[in-house]
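Here are my notes for you, as promised. Have the model open while you read, and take the points in any order you like.

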Amino acid sequence: MEHKDSMLHITLMDGMVRGLLLTATQTVAEAAAIHVTSPVATAALGRTLMGTAMLGAMLKSDEASVTVTIDGGGPLGRIVCVAGRESVRGCVDTPNLEMPLKPNGKLDVGRAVGSAGRMSVVKDMGMKSPYVGQVPLLSGEIAEDFANYYVVSEQTPTLQSLGVLVSGETVLSAGGVLLQPMPGCPEDVIAQLELRSPMMADISRELCYEPMRELMAKWLDGLRPVVLEETPLAYRCGCSRARMEKALIALGRDELSHMFQDEQEGAELPCHFCKKTERFSQQDLIRLLNQAQER
């Protein structure tokens, strides 16, 4: 029986360390199927989806969301992912990108993404203005870029591993680990985490043989791991015709006027995240244009 994707929320050493352990094979496979991604694009998008989902899992409200944009200047272009507490969605500019493998035979995600740009994190908590954090990319390999974000923007030292194992078009496994020592955590506990971090580096391959709970028991033996809760994760898009209408109105009067003139048969608006397309007739565009004029 196939297990659904889920996130384990854990603590170590009686709360001295908090952590997240994520199994996301189905989520990444669904993203790959929607966007028809090449292996290197699947790995890059998958890692970003998981890193964003972990940020989403820490949100306090079910209505809150977090958007991560990674733009490293590489041939893959921008990766954009959005997560809530139990769902995530994403897209990538060049999903069909093919790249030579690294000399060690692994996918060259870092070169595909590039490291000349930035990673931005926007947390929408439902307040008047969202929280925005930006950090330079370290490598474009994604996991260490997320870890760097936590250190620089949230002043939280973080051990993070994100892995996607791909064979052709098939996602064999995908998973992630995030461990964060709390303020006052003893140095010997932090040293233990660093000592064990290489064990978690190839998480996607490990997940092919053992489920996450068994890996947790092996990796964190002696550190008193406790599972606080297990939450589901799924690839889910919240797009709707009403949201697309809002997006069109937000373009403003001039842009909508041009669209009305250029698209004599109406317009089709695709969702970047799920590829669903909504058709807007000339009459629809006129109605939206009138609403835009009222703004």
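Which residue just after α8 takes a positive phi? That would be G252, with a phi of about 95°. Keep in mind throughout that this is a predicted model.

1. Let's stay with α8, which covers residues 241-250. Its buried residues are M244, E245, L248 and I249. Looking down the axis of α8, you'll find these buried residues within an arc of 140°, so they line one face of the helix. R243, K246 and A250 sit on the other side of α8 and are exposed. As background, an α-helix has 3.6 residues a turn, so residues three or four places apart point the same way.

2. Next, have a look at the open sheet. Its 5 strands come in the order β8-β9-β2-β1-β10, and the pairing is antiparallel. The edges belong to β8 (159-167) and β10 (226-232); each has a single partner strand, so one side of each has no neighbour in the sheet. On average, neighbouring strands here are turned by 10° against each other, direction ignored.

3. β8 and β9 (residues 170-181) run antiparallel and are joined by 9 bridges. If you want a spot to check by eye, S161 stands opposite V177 in β9.

4. α4 packs on it, touching β8 and β9, and the direction of α4 makes about 160° with that of β8. Helix α5 (residues 187-200) lies across β1 (6-12), β2 (17-23), β8 and β9, and runs at about 170° to β9.

5. α4 (residues 143-154) has a helix partner as well: α2 (residues 39-57) packs with it at an angle of about 35°, the axes being 11 Å apart. From α2, the contact uses R47, T48, G51, T52, M54 and L55, while α4 brings F146, Y149, Y150 and E154. Sorted by type, the residues of this contact are 5 nonpolar, 3 polar and 2 charged.

6. Finally, the cores. The largest nonpolar core has 66 residues, and I70, L76, I79, V113 and M119 touch the most other members. α2 supplies the largest share of this core, 11 residues. A second, separate core has 21 residues, including L21, V189, M200 and W219.

7. Setting aside neighbours within four places in sequence, I79 is in contact with A44, L45, T48, V68, T69, I70, C91, V92 and V113. T48 also turns up in the contact of α2 with α4.

Definitions and conventions: Residues numbered from 1 in each chain as written. Predicted model: local features only at pLDDT ≥ 70, side-chain atom pairs only at ≥ 80, totals over all residues. Heavy atoms only, no water. Axes fitted to C-alpha atoms, helices over the stretch in contact; angles between N-to-C directions. Helix = DSSP H or I, 4+ residues; strand = E, 2+ residues; numbered from the N terminus. Contact = heavy atoms within 4.5 Å. Nonpolar A, V, L, I, M, F, W, Y, C, P; charged D, E, K, R; others polar. Core = buried A, V, L, I, M, F, W, Y, C linked by side-chain atoms within 4.5 Å. Buried < 20%, exposed > 50% of the residue type's maximum accessible area, 1.4 Å probe, protein only. Pairing = 2+ DSSP bridges. Arc of directions from axis to C-beta.
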